[in-house]
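Have the structure open while you read.

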Amino acid sequence: MQFLNNSRRIAKFIKPIFITETNLRFFSSASQISSSFQWRNHTSTSSSVLKGIDRCSHSSSMSLLIPRSSFSSEAEKLGGNPTVTVKELHDKMLDSVNVKRSMPPNAWLWSLIENCQNQDDIHLLFDVLQNLRRFRLSNLRIHDNFNCNLCQQVAKTCVRVGAIDSGKKALWKHNVHGLTPSVASAHHLLSYALEHKNPELMEEVMKLLKTNDLPLQPGTADLVFRICHDTDKWDLLAKYSKKFSKAGVKLRKTTFDVWMEFSAKRGDTESLWKVDKQRSETYSQHTLSTAFSCAKGFLLESKPEEAAAVIQVICQTYPEEKKSAVSTEFEKLVNEWPVDVIKRQTEEDKKALAASLKSVIPSMVNMLLSSGLNVSVDLDELNKNEALLS
């Protein structure tokens with residue numbers, strides 16, 4: 001009420017005044033006398049109001065002009081339990097950029113990255129990156145992001161400590177941390193997805209690659225296909241194989257190994273031959289894995305002669321010092337593959353396939369032995385295989 005009364009009393013003295021060219025000089029001097037008289041009488045009642053308004057407007061303008069983040073770190077809100085070394089380096093670096101206004105040594109940042117052990121350490125790391133980026137932009141006039149090597153190490157560190165959500169930020173094209181997204185950073189996340197058999201994370205990473213305009217690479221396909229194989233996600237593999245093909249990615253031999261092995265494991269000969277045709281357009285010779293996958297395809301079609309011929313060719317061209325790998329593939333064909341392929345069939349097809357494999361696999365082995373190839377396969381194990389006996 002006191003404020004309103006004072007405002008009304010002041011308003012009485014503020015009248016609209018019309019100025020003409022003839023009385024302009026008179027108005028100038030008269031207004032000075034009038035304003036002097038008015039403020040002498042009312043300065044005591046209105047000064048407190050004006051001072052309050054002035055202080056408020058000054059405070060507001062200052063808060064707009066000076067960002068609070070320049071003087072206080074987001075780390076104050078992070079909490080948690082960071083390691084001592086990381087916390088000390090974090091505080092030193094923020095003191096350098098926010099108080100001393102100087103760029104801290106690069107060694108401090110690399111040391112902080114190497115010493116990160118948990119999610120709280122990663123929070124401090126990203127807080128430092130944001131402050132460094134702001135300082136580089138405002139004080140050093142450096143508009144570029146940090147180099148790719150640093151950003152890859154950040155992504156690798158996030159994966160190492162299990163801070164996957166933070167690691168995804170390394171793939172964002174627009175971010176406040178000065179990170180430069182790259183496919184190499186994505187591969188660290190995909191490697192984590194492979195290790196933990198996490199196809200959902202793989203899909204998230206692939207979406208981030210697309211959203212942030214990062215090109216697909218052969219290494220990306222290799223990781224994606226292996227994740228799909230290990231998690232038995234054929235539909236996902238088929239989906240992403242089309243994407244890689246559309247992007248013109250040249251698949252590695254190891255990628256075709258996984259793709260054809262998966263096709264043979266499912267008993268899908270149609271897909272197997274399509275993939276083999278695509279492989280032959282890029283690579284003229286089989287790897288040991290693709291050769292055995294083709295042999296499995298012929299066995300599924302009850303063609304033991306063709307299966308034996310494929311294996312014979314690859315064994316003749318395979319280095320002598322790597323012959324142990326051939327024995328491993330034979331053991332997998334006899335002991336593991338029949339179980340895998342039969343369990344993926346419908347109930348009505350299982351018995352027919354089991355009976356067929358129980359017949360064609362020994363026939364293939366005998367043909368190889370007749371050709372003079374030294375095949376160390378225990379067919380008794382095949383006859384004991386429960387999948388073939390059911």
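## Helices α4 and α6

In this predicted model, helices α4 and α6 cross in a left-handed way. Helix α4 covers residues 106–115 and helix α6 covers residues 148–161; their axes come within 9 Å and cross at roughly 25°. An angle under 35 degrees counts as roughly parallel, so that's what we call α4 relative to α6.

Who does the touching? On the α4 side you'll find Leu-109, Trp-110, Ile-113 and Glu-114, while α6 brings Asn-149, Leu-150, Gln-153, Val-154, Thr-157 and Arg-160. Sort the residues of this contact by type and you get five nonpolar, three polar and two charged.

## Helices α10 and α12

Now hop over to α10 (residues 218–230) and α12 (residues 253–266), whose axes come within 9 Å and cross at roughly 25°. That makes α10 roughly parallel to α12, and their crossing is left-handed.

From α10, the contact uses Pro-218, Ala-221, Asp-222, Phe-225, Arg-226, Cys-228 and His-229; from α12, Thr-254, Thr-255, Val-258, Trp-259, Glu-261, Phe-262 and Lys-265 join in. By type, that's seven nonpolar, three polar and four charged residues.

## The nonpolar cores

Which residues have the most contacts inside the largest nonpolar core? They're Met-202 and Met-364, in a core of 72 residues. If you skip neighbours within four places in sequence, Met-364 touches Leu-299, Pro-304, Ala-307, Ala-308, Ile-311, Phe-330 and Leu-333.

Apart from that core lies another one, with 27 residues, including Leu-112, Val-128, Cys-151 and Ala-170.

Notes: Residues are numbered from 1 along each chain as its sequence is written. This is a predicted model: local features need pLDDT of at least 70, side-chain atom pairs count only at pLDDT 80 or more; totals for chains, interfaces and linings use all residues. Side-chain values use heavy atoms; hydrogens and water are left out. A nonpolar core is a set of buried Ala, Val, Leu, Ile, Met, Phe, Trp, Tyr and Cys residues joined through side-chain atoms within 4.5 Å. Buried means under 20% relative accessible area, exposed over 50%, partly exposed in between (1.4 Å probe, protein chains only). Contact means heavy atoms within 4.5 Å. Axes are lines fitted to C-alpha atoms, for helices over the stretch in contact, and angles run from 0 to 180 degrees between N-to-C directions. Helices (H or I, at least four residues) and strands (E, at least two) are DSSP runs, numbered from the N terminus. Angles under 35 degrees count as roughly parallel, over 145 as roughly antiparallel, 65 to 115 as roughly perpendicular and the rest as oblique. A crossing is left-handed if the near helix is turned anticlockwise from the far one by less than a right angle, and right-handed if clockwise. Ala, Val, Leu, Ile, Met, Phe, Trp, Tyr, Cys and Pro count as nonpolar, Asp, Glu, Lys and Arg as charged, and the others, Gly among them, as polar.
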